[in-house]
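This briefing is meant for a reader who is meeting the structure for the first time. Please keep the sequence and the model in view while reading the points below.

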Amino acid sequence: MAEVKVPELAESISEGSIAQWLKQPGDHVEKGEYVLELETDKVNVEIISDYTGTLSEHLAEEGDTVQVGQAIAIVDENGSAAAAPKAEAPKVEEAKAEPAKAEPAAPAKEAPKAEAKEASSTQQVIASPAARKLAREKGIDLTQVPVADPLGRVRVQDVEAASNAPAAPAAAPKQAPAAKKAAAPVEVNDDRIEVVKMTRRRQTIAKRLVQVQSEAAMLTTFNEVDLSAVMELRNRHKDSFVKTNDVKLGFMSFFTKAVIGALKKYPLLNAEIQGDHILKKNFYDIGVAVSTDEGLVVPVVRDADRKSFAEIEKNISDLAVKARNNKLGLSDLSGGTFTITNGGTFGSLLSTPILNAPQVGILGMHTIKTRPIAVGDQIENRPMMYLALSYDHRIVDGKEAVGFLVAIKDMLEDPEQLLLQG
């Protein structure tokens, strides 16, 4: 018999929920064949079997939360699916027989339950595998480890610091009630109300958005941009662009290029806060928010400053298709330095986007509306868009934020600058 286990997923992901079993007990599986779909905080991952044989048993059900390294299925490499259940039968009989012999065994069951609750609470902490290993070796409760990461991720250095500091066991009892409240089912005695459990991804989105608003000094500044020049340029080149590059010339490549040019002038908006340090990033991995049925995801265009307009458009198009088909990998979502979100595709006229932590800046695009604008001494109808920049006031001052937004406006109203900013 061979076990199918949950593989290592990513540094910040230690567990997931079984979304769907793709193979049932009795089904034949080949080595490398998908056996289930696992829903994580970020993406859905299909788990493969490392063995060829018959899937004899599921060790967890759909909807169950499973940990990295946990066995979730049994594969009989000899192909006899019925062998596993028969072998388990004597164990059940022994377990039933023991309580009848001696009643004092009941109190002994309480300790494992308490330990299980503590383990479950610890597993809910976001920590790297190395940090979890070190915590186990040192006997440290991860829920009590102070962290410097803005997202609350426990890292090796946090565990080492905690091992050298005085323990604070008093905080432990506070974790249990919170876990009970979160797990309690919702009962509504009204048939007009439908109770739907939040998906793991929606829970993560909710938790992170609230966390950002409570930890960052978030502020939003606005401006408007006249897109006449960009639209005129697109109209002149759209046919030849599609013919040459096999992709449409959209607005996102213009905005991505403008954002990069502005980030080079105002580098703190491309930074990150770690404790009392600022990490200035000299690369430009631009996240592009995409709406899916499962919630908002932010795939990343890597090294966007080195890409042409066509490469950016292709990259964004491919990522959007993968997002909507639930095919994004963890590598597609990690490590962005700045985010662009386009609520204008849904008709939004104005909004205040929320930061995508640990980033300190996010640009919101909105719908284009033809409005009368003063141009010199004349009033003309122009295609106008409101822009919104949300930023972390802890490291970005208002002067820099406004300057950043004005730089984007200037480049879009004179798009030839985008060719010169490099």
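The model is a predicted one, and the values given here are computed from it.

**Surface patch**

- A nonpolar patch lies on the surface, where Val186, Val188, Ile193 and Val195 together have about 340 Å² of accessible area.
- One of these residues, Val188, is placed in the loop that runs between helix 6 (172–183) and helix 7 (200–215).
- Val188 counts as partly exposed because its relative accessibility is 36%, a value that falls between the 20% limit for buried residues and the 50% limit for exposed ones.

**Cis peptide bond**

- The peptide bond that joins Ala357 and Pro358 is cis, with an omega of about 5°.
- Pro358 itself has its place in the loop between strand 16 (338–342) and strand 17 (361–365).

**Positive phi values**

- Asp303 is a residue other than glycine, and yet its phi is positive, with a value near 45°.
- The loop that holds Asp303 lies between strand 15 (300–301) and helix 10 (309–324).
- With a relative accessibility of 30%, Asp303 counts as partly exposed.
- Asn326, although it is not a glycine, likewise has a positive phi, in this case of about 60°.
- Asn326 is found in the loop between helix 10 and helix 11 (330–333), and its relative accessible area of 27% makes Asn326 partly exposed.

Technical notes: Residues are numbered from 1 along each chain as its sequence is written. This is a predicted model: local features need pLDDT of at least 70, side-chain atom pairs count only at pLDDT 80 or more; totals for chains, interfaces and linings use all residues. Side-chain values use heavy atoms; hydrogens and water are left out. Patches are made of residues with over 30% relative accessible area and no salt bridge: like charges are joined within 9 Å, nonpolar side chains (Val, Leu, Ile, Met, Phe, Trp, Tyr) within 5 Å. Accessible areas come from the Shrake-Rupley method with a 1.4 Å probe; for residues, only the protein chains shown count as cover. A salt bridge is a side-chain nitrogen of Lys or Arg within 4 Å of a carboxyl oxygen of Asp or Glu. Helices (H or I, at least four residues) and strands (E, at least two) are DSSP runs, numbered from the N terminus. Buried means under 20% relative accessible area, exposed over 50%, partly exposed in between (1.4 Å probe, protein chains only).
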